[in-house]
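Subject: Structure for your review

Dear colleague,

My notes on what was found in it follow directly after.

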Amino acid sequence: MSQAEGRVITSGPAVFPEGCGRVLYSSPHALGAVSFILLFYLVFYGFLTAMFTLTMWVMLQTVSDHTPKYQDRLATPGLMIRPKTENLDVIVNVSDTESWDQHVQKLNKFLEPYNDSIQAQKNDVCRPGRYYEQPDNGVLNYPKRACQFNRTQLGDCSGIGDPTHYGYSTGQPCVFIKMNRVINFYAGANQSMNVTCVGKRDEDAENLGSFVMFPANGNIDLMYFPYYGKKFHVNYTQPLVAVKFLNVTPNVEVNVECRINAANIATDDERDKFAGRVAFKLRINKT
Amino acid sequence: MAQKTPEIYSVELSGTEDVGKTDTGDGKEKYRGLKDKRLELKKNHQKEELKKEVDLEDHKLSIKELERKYGTNIVTGLSSTQAAELLARNGPNALTPPKETPEIVKFLKQMVGGFSILLWIGAILCWIAYGIQYFNDKSSSLDSVYLGCVLALVVILTGIFAYYQEAKSTNIMASFSKMIPQQALVIRDSEKKTIPADIRLLSTQGCKVDNSSLTGESEPQSRSCEFTHDNPLETKNIGFYSTTCLEGTATGMVINTGDRTIIGQIASLASGVGHEKTPIAIEIEHFVHIVAGVAVSIGILFFIIAVSMKYYVLDSIIFLIGIIVANVPEGLLATVTVTLSLTAKRMAKKNCLVKNLEAVETLGSTSIICSDKTGTLTQNRMTVAHLWFDNQIFVADTSEDHSNQVFDQSSGTWASLSKIITLCNRAEFRPGQESVPIMKKVVVGDASETALLKFSEVILGDVMEIRKRNRKVAEIPFNSTNKFQLSIHETDDPSDKRFLMVMKGAPERVLEKCSTIMVNGQEQPLDDSTAEAFHTAYMELGGLGERVLGFCHLYLPADKFPETYSFDVDTVNFPTSNLCFVGLLSMIDPPRSTVPDAVTKCRSAGIKVIMVTGDHPITAKAIAKSVGIISANSETVEDIAKRLNIPVEQVSKRDAKAAVVTGMELKDMSPEQLDELLTDYSEIVFARTSPQQKLIIVEGCQRQDAVVAVTGDGVNDSPALKKADIGIAMGIAGSDAAKNAADMVLLDDNFASIVTGVEEGRLIFDNLKKTIAYTLTKNIAELCPFLIYIIAGLPLPIGTITILFIDLGTDIIPSIALAYEKAESDIMNRKPRHKKKDRLVNAPLAIYSYLHIGLMQALGAFVVYFTVYAQEGFRPSALINLRVEWEKDSVNDLEDSYGQEWTQYQRKYLEWTGYTAFFVGIMIQQIADLIIRKTRRNSIFQQGLFRNKVIWVGIASQIIIALILSYGLGSVSALNFTMLRPQYWFVAVPHAILIWVYDEVRKLFIRLYPGSWWDKNMYY
């Protein structure tokens, strides 16, 4: 065994057996061997990358731009609240402006596309109470129009010219409920649907106090369905339900649960706690 | 107290039966206060100690001195109180059984061995992670606790499994060792008595002992009261514990009992010779180090990367666990154990019983076999090999059944010779064996007479009947002064009233008594030329290492010896000279018929076979030549000297291939000289060696980096058996000490079984390589997801639990199935592997598995993963850096590529579908991996795709387990499996085919360009 080889073995990479070093360095034309090996791996990995890219490309050919191939997971759309917080808790320290200002900022941003001017400019006025279906009519992936959802429909929670900042500065906060978008989902199965909110337990119900909903009754109109996907349904505006809590017992954590009442949306999934419903915590701190 | 019984084959050693009991201490058994000395000896279990000759002084002392030393009287013995006192002090007369490792220690060893430490670390990290989580948020999920428990469970279960496997193989051995000695007792010792302790003989009468288990000498040794040799093993006045007394009677004084006997000393010293790690244990350790090294370095590297990418330390710890779990082939060590035990079972069927599972492979890497002669290479029974009569040497059939005796039996001389053989013989078959084949019948009598009896029974038929017809009227038994045996018979010819006197004995003594010789049935005067012919034949047969006997007879004239004549053997009132010489018979312990072939096979397998025997050099050499240990055309230095007629010193050592070295010569050799001897000669016979020298020879071989197998049966072999890399004991003839020291027991005492063992051992090594390559491959496919997850932030492609289901589920049966793979080429035609160069896991294997096939697998599995996500709405581009949002519990409206929104549970379920998809992707490609691992060099089509049916069982098991996991347990959320759409099972198929094709190309180039760069780097 040559001296060189012995040295390499001891200084070879720790993770591979000693032969590894030998492969790389022991040849008399060490440099040639190394570059040969590099070349080999270059070609080999180049080939693998090409192969991978090819199969991925072939695979992506099976995926349409229009609708996903499968939507089995999304049979029941979830519900979600705005303002979006880390742990789905809306905590308002009335005296501490900073504690709720972040929520207000978020809501301002969130509601901007709902401004009546923007809606009027981009979206159609649809007939309420029926689905706004837009078949392709022979033109593949024909761009779809969206229905207007005007910010003013949110009434006291629209935040327009609102000195109370969606009620956050007075301890009567608005929480917005929205239903997850699912392509080609005919929510409500042609019947009207609405969102209702309750305190989770009895004491929560007591502490929750009264609230008002916008639009009235927490109604969601059928005209906002079906959704045709973000690529072709560009200006789609998601319907919202705003809940303004009027007299929540202060300094107590209140568990609120809102659910959608729709014929084809189950809200009792054991595992998915957000299927057709949303639970969040509300706490108004007053001194 | 010596009760002399007329039964000549029995021996009564007074009082010795009672040594173990206290109250019957009637005799002269004396205990020697050696306890302190023994303790000291035990402490110094040094090899040096072993190599020293056994220490015993008593044989030099006179009887008076002995009496003084042991405070006893040779007539009255010890008083019972004294005896009781001594017993209390020295313990009963029994060997201390070898120390056993406590079961709990064995069990705990399994719990921390191999990868277990890594997995324990993983489990503890899990619990620590949960601890931190819990500290921050009391409601944190218990996932990491479960994972920790699962990991701990995996370690414990595999530990229990390994322990169970080991215990099972130990149990086989335990039951076996209980069985064999009983057998030995019934058959072999039925007419003999075992000496119960070391005894200084005080009076003897024709006493002969068989010391073969102690010294290896197969010849019975006579015993007397005289002190004849300084070495206690050689002196005649000591009888050793556990040796058997074959004939005569003797009375003696017990000088040592139990562990203090010579045999006890050897046995306990042997247990002090440390067992070296088996080659396969070293290989597995090496492999564990590689894998653990890869796991730990990648783990730590990515821990650092994760921390510097601003991941939380807690998350980084969880990544670390994932990386460790992905890297550790959890099921592999259990698979290796199963594979080894499968081979052990297969070998047990072929009469190789493996005590230590790992020894299965050791035999395969063996490069030198030091074989004992008696019983291993030979049949361990004297057999008539040659006959000389009518001036001609005839060859007798020495095969195991003697069936083919072809020599000329028409001569009148043969008629006379056969009569002498039949009549001048005191050996008898034990009654009640009518149905037993002749060669297997048990005979009462010494080895030579037994040989002659069986020889004549085969050729002539019922010997006892012939003897009955030729009634014996007088007899002088063999003794060492006469060196002949004589008997006088009536003849079976009613018209012939003469008596026939027949004699056999040492040829030269027999010839002295003859004046005529029978040629072609005619009596002729014995002249110088016939005497010369006799001497030539005698020398020739003696030169073959055979024991030669001469036969002669005389018809006593009827007029001088009428029918009523009374023969008196004490006064010898009949002539014992001027007899008629009839012929010579030579006997040898012949080689087993299977041995020459086995030795040739060992040769072609590159294994050097060295004979180490206590027997005489001439006999040893003759047997070595006949079995091929010394091949036909090779000569020793002495042979060359003889041929060229020059002094030995002038012969160039280079010309000689073979060497016969005696113990005396070995004694004077330095270790360097021994090394030189072992390297210079390819064919070596060591004769007349002592147990200590056997150890020296084994060590010499091991210095050459050889893996040494030692075969032996005696207690004297046990140190060498233990020292050897693999000790092979004889199951039938072997002593308990030898079997205890050995790693393997040949149930049929047949050397040829070793060749089978070598073949199985080599095959298992090759197949283990395949198993490990197969198992390591998917580690990359399991590891890459974590790395990509950390770096690119994809939703986790495969979960830790899912990985465990591959490692301990789908992959287990296929990797065992590879153990059933047939050899690719003639493994018995290649050299034994070099234990330091030919590793089980070498660089090409690791690189090819990790960086070639493993990477391909990872890519293939990723394709399946991306397919599932893309078809559900998340295109690959959307997945990048999605991790943080994806995993947030509070995000229940995560947008996909189509603008749809997903709740946390919907995503989680998709993630599990991803796990299942990735799992199926790996599984499908592992099928291809399994098929390509069938061979390392040959094309799969050369090997035969369907020859190994178990592989297909393995493939079926993979698919079935995966189907059950996906469709059967898809609803059990804790397992993280979901029902996968049928088409996803086929997404990885193109990659699987690619793997197969790529490997075929690799093998093709290896076959096309042997020795090329490709061959060196791609052949594992």
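Across the interface of chain A and chain B in this predicted model, 26 residue pairs are in polar contact, with both residues of each pair at pLDDT 80 or more. On the side of chain A that touches chain B, the elements giving two or more residues are helix 2 (19–25), helix 3 (30–61), strand 1 (79–82) and strand 3 (174–179) of chain A. Helix 3 of chain A gives the most to that side, with 14 residues. Sorted by class, the side of chain A that touches chain B comprises 29 nonpolar, 14 polar and 13 charged residues.

Charged pairs also cross this interface: the rule finds 9 salt bridges between chain A and chain B.

As to the extent of the contact, 56 residues of chain A and 57 residues of chain B take part. The size of an interface is often expressed as the accessible area lost when the parts come together. Here chain A and chain B bury about 4,900 Å² between them, and 62% of that area is on carbon and sulfur atoms. Of the area that chain A buries against chain B, 14% is supplied by A:Tyr70, A:Arg73 and A:Arg271, more than by any other three residues.

For chain A, there is also a database annotation to consider. UniProt, in an unreviewed entry, lists residues 33–60 of chain A as "transmembrane region". In the model, this span of residues 33–60 is 100% helix and 0% strand, and its end C-alpha atoms lie 40 Å apart.

Turning to chain B, the model shows 37 helices and 26 strands. Chain B has 1020 residues, of which 58% count as buried. Taking the contacts in chain B between residues at least 6 apart in sequence, 73% join residues at least 24 apart.

Yours sincerely

Definitions and conventions. Residues numbered from 1 in each chain as written. Chains lettered and ligands numbered in written order. Predicted model: local features only at pLDDT ≥ 70, side-chain atom pairs only at ≥ 80, totals over all residues. Heavy atoms only, no water. Contact = heavy atoms within 4.5 Å. Buried area = accessible area lost by both parts, 1.4 Å probe. Salt bridge = Lys/Arg side-chain N within 4 Å of Asp/Glu carboxyl O. Polar contact = N/O pair within 3.5 Å; in protein donor to acceptor, adjacent residues only side chain to side chain. Helix = DSSP H or I, 4+ residues; strand = E, 2+ residues; numbered from the N terminus. Nonpolar A, V, L, I, M, F, W, Y, C, P; charged D, E, K, R; others polar. UniProt positions renumbered as here; feature names shortened; annotations may be inferred. Buried < 20%, exposed > 50% of the residue type's maximum accessible area, 1.4 Å probe, protein only.
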